[in-house]
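Please keep the sequence and the 3D view at hand while working through the points.

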Amino acid sequence: MSKELSQEASALETETSTDADGEAMIEVNGLKTYYDDGGLFGGTPVKAVDGVTFDIRRGETLGLVGESGCGKTTLGRTLIQLEDATDGEVLFDGTDITQLSGDDLHEWRRNAQMVFQDPESSLNDRMTIGEIVREPLDVHEWGTPRTRRERVKELLDTVGLQREHYYRYPHQFSGGQRQRIGIARTLALEPDFVVLDEPVSALDVSVQAEIINLLEDLQEEFGLTYLFIAHDLSVVRHICDRVAVMYLGNIMELGPTEELFTDPSNPYTQALLSAIPEPDPTSTRERITLHGTPPNPRYPPSGCPFSTRCPARIRPEEYRDLDDELWVRINTLREVLSERKRAERSIRERIREKVGKDTRFATIEETYDELFGDQDVPSRVESVLTEIAEHARANDESAAIALLDEEFGSICESESPAYHTVSRNGKQSYCHRHEDGYRTSEAVLDHRHR
C-alpha cells in the first residue's frame, strides 16, 4: 500500500468510525494494566495490558481474541473498573472512568456489567436465584422491594427461564441455565455496555448456540454494546462486527470480522487463523506452527511483542538466505541467554561457578549441542556463535546478547512498530512489515497458509 493510500485509508477510517458505523461509545487510549510482585522494594511488574488503543462503537459487538494469558480478561475487567488501570484512559461518552471514585464510580457500574466465564463459580450457591439477580437492584436501591421482585421475574422470563425459578438455588440448574441466570443478573440495571468474558466456553455446543442467540436477541432488544472475549474463533466470526487480535498485552490487528478472517494482514493473526480446523479433506492449506512460547509478560521484548516467535521477522540483509530452521534456533538462543541473564543465582551457585563446578544452569556446551548439534551451520555464522559462546561461558550473558543482537538483530527486536491502516475499511495492523522498505514479496506469509 502506498503512503498516499495509507493516509487516505486512515482518513476514511476516522470518518467511518464516527459516522457510517456509529459513534464511539468507549474510547481506549494507551491503556496499561500492570501488576507488581508485592515485594517490599517493588520489582519488575507483569505487563498484562501494555498500552492498547481502540474504540467500541455504540451498538456493536467487538470481539477480543488471542492465546491464553495474552491479557484479554484483564483488559475487559479494566474497562469496567474491576481492575485499576496503571496508565492511559478509558473514555465513556467523553468521561474518563479510570479517574472515577465514590458516587461517580458507583453510578458508572450501573452502565457497565460483566458476564463471567464460569457459570458454576460465578453464582453464590447459598443464595436463591431471585436473591442473586436482585442483588444489583438492592445495592443501587432501585425501586421498592416489590418492584424489584417483579423486575427479577421479568428478567428470568426474558432469558428463557421461568418465574417460578425465583425461589430455587443454583445447584438445581444446568450449566446453560446458570449462564442465563448470570445474564439476567447482568441486565438487572439496564446497562449500556457489557463485557462477555468467554460466556459460552464452559458449555456444550448445543447450549452454546442457545446462549449466543439469546445474546444477539438481547442486544437488539435493549440496544446493548458488547466486548466479546473468546478463544473460539468460529463463535467470534458468527457474533462479532469487528475483531481485535491480542498478543502479550498488545492489540496486533483490528478490523471488520469477515475481512480479518478472509484476509489477515498481521503475521500473528495469520498464524492464529491457520489453527482453525479445515473441514475440507482436500484442502492444501498449511498450518503455521509457531516455535517457542509467548515471552514472560514481566519481561516482554523491547521491540515488536511478537518478534521472538514471528515467522516473518525481518532479517538482516546478509542473512536473508539463511535456512529457516537455523534462524529459529538462533532466536531460541537469544531467549535462553535472556532467561539466564534474568535468573537469580544463589551465593552457593556463584561459588560453584567460581571453582568450575556445575550449577543448576545448563552449560553453554549443552545448550549449543541441543540447538545446533543437528544443524548445518555456515562458517560465517559459526564464528559468531563461537564468540557468543565464549561470553556465555564466562557468565557474561549481557555481552553475549549484545553481540547476538549486533549480528543477527533487526528492527523487529529494537523498535516497536506503529499501527498501519491496511485496508479501505479501516483495518489496522501492528507490524513493521507494512512500512516502506520492508513491504516486499517475502514481507507477508504465503497465502497458502491462510
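Predicted model: local features only at pLDDT ≥ 70, side-chain atom pairs only at ≥ 80, totals over all residues.

The lining of the largest cavity divides by class into 10 nonpolar, 3 polar and 2 charged residues.

**Cavities**

- The count of cavities of 30 Å³ or more comes to 2, and the largest cavity holds about 80 Å³ of space.
- That largest cavity is lined by 15 residues, of which Pro267, Cys304, Cys310, Cys412 and Cys431 are the closest to its centre.
- The second largest cavity has a volume of about 40 Å³, and the residues that line it include Val115, Ile183, Leu196, Leu215 and Tyr226.
- Helix H6 (175-187), strand S7 (193-197) and helix H7 are the elements that each give two or more residues to the lining of the second largest cavity, and H6 gives the most, with 3 residues.
- By class, the lining of the second largest cavity has 9 nonpolar residues, 1 polar residue and no charged residues.

**The second largest pocket**

- The second largest pocket has a volume of about 560 Å³, and its lining is made up of 24 residues, with Pro301, Thr308, Arg334, Ser338 and Arg342 lying nearest its centre.
- Helix H11 (324-342) and helix H15 (397-408) each supply at least two residues of this lining, and the largest share, 8 residues, comes from H11.
- Sorted by class, the lining of the second largest pocket has 7 nonpolar, 9 polar and 8 charged residues.

**Nonpolar cores**

- In soluble globular proteins, nonpolar side chains tend to be buried together.
- The largest nonpolar core in this model has 57 residues, and Ile183 and Phe228 are those with the most contacts inside it.
- Helix H7 (residues 205-222) provides the largest share of this core, which amounts to 5 residues.
- A second, separate core has 30 residues, among them Met114, Val195, Ala244 and Leu254.
- If neighbours within four places in sequence are left aside, the residues in contact with Phe228 include Thr61, Leu62, Gly63 and Leu64, as well as Leu196, Pro199, Ile212, Leu215 and Cys240.

**Aromatic pairs**

- The count of aromatic pairs comes to 8, and one of them joins Phe92 and Trp108 in an edge-to-face arrangement, at 4.7 Å centre to centre and with 65° between the planes.
- This pair links distant parts of the chain, since Phe92 lies in strand S4 (residues 87-92) and Trp108 in helix H3 (residues 102-111), 16 residues apart, and both Phe92 and Trp108 are buried.
- Tyr247 and Tyr268 form a pair that counts as tilted because their ring centres are 4.8 Å apart and their planes stand at 50°.
- Because Tyr247 lies in strand S9 (residues 242-247) and Tyr268 in helix H10 (residues 267-274), this pair ties together parts that are 21 residues apart in sequence.
- Tyr247 is buried, with a relative accessible area of 1%, and Tyr268 is buried with a relative accessible area of 1%.
- Tyr247 and Tyr268 belong, along with Phe306, to one aromatic cluster.

Note on methods
Residues numbered from 1 in each chain as written. Heavy atoms only, no water. Core = buried A, V, L, I, M, F, W, Y, C linked by side-chain atoms within 4.5 Å. Buried < 20%, exposed > 50% of the residue type's maximum accessible area, 1.4 Å probe, protein only. Helix = DSSP H or I, 4+ residues; strand = E, 2+ residues; numbered from the N terminus. Contact = heavy atoms within 4.5 Å. 1 Å grid on protein atoms, 1.4 Å probe; cavity = no way out; pocket = protein on both sides within 12 Å on 5 of 7 lines; lining within 4 Å. Points joined across faces, edges and corners; volume = space filled by probe spheres on them. Nonpolar A, V, L, I, M, F, W, Y, C, P; charged D, E, K, R; others polar. Phe/Tyr/Trp six-rings, centres within 6.5 Å; stacked < 30°, edge-to-face > 60°.
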